[in-house]
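Please work through each task before reading its solution.

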Amino acid sequence: MYTPDLPVAIAARASASIPIVYSPVQLTKESVRPVMLMDGGMVNNIPIDQLTIDSVPRLGIQLVSKSSPLAAGSHSLFDIAPRVINLMMSSNENTHIDLGLQIGAQVAFVETGYAGGLDRNMSTQMRQRLFDDGYAATTLKLAEI
């Protein structure tokens, strides 16, 4: 595993680099060979099993979407592809979360179905709503721990 020493903002951008959707982050440092960083979440987006490694309380934050099904009719690849990616990732994430909850992991679930996960032009108001909802869900869960 490669873990570079870099600013949090660049690491967050690399983590959001979903293959095919967003381009990878290219990292060039004098002491390290050039690398391309992209989202590792395709394998394990929320490594919840790492939350229970010792007695220190830790909290995972899981974004969930209860989006409605596509209406009947013909749809373009651009309509279907994001839903297929979400379906594959959700299935994988749910398996990891279920196992983590069985071993005592704590998770705050944040509903985000009203926002487009791949929206490159998200309004400031939508970003604020996501932040507020995440903050509220996290605060509630922390009160339980």
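**Exercise 1.** Determine whether Glu144 is buried or exposed, and describe its salt bridge.

*Solution.* Step 1: Relative accessible area is classed as buried under 20%, exposed over 50% and partly exposed in between (1.4 Å probe, protein chains only). Glu144 counts as exposed because its relative accessibility is 58%. The model is a predicted one, in which local features need pLDDT of at least 70, side-chain atom pairs count only at pLDDT 80 or more, and totals for chains, interfaces and linings use all residues. Residues are numbered from 1 along each chain as its sequence is written, and side-chain values use heavy atoms, with hydrogens and water left out.

Step 1: A salt bridge requires a side-chain nitrogen of Lys or Arg within 4 Å of a carboxyl oxygen of Asp or Glu. Glu144 meets Lys141 in such a bridge, at 3.2 Å from N to O.

Step 2: Lys141, at 18% relative accessibility, counts as buried.

**Exercise 2.** How many salt bridges are there by this rule, and with which residue does Arg129 form one?

*Solution.* Step 1: The count is two.

Step 1: Arg129 pairs with Asp133, their closest N and O atoms lying 3.8 Å apart.

Step 2: Arg129 is partly exposed at 42% relative accessibility, and Asp133 is partly exposed at 29%.
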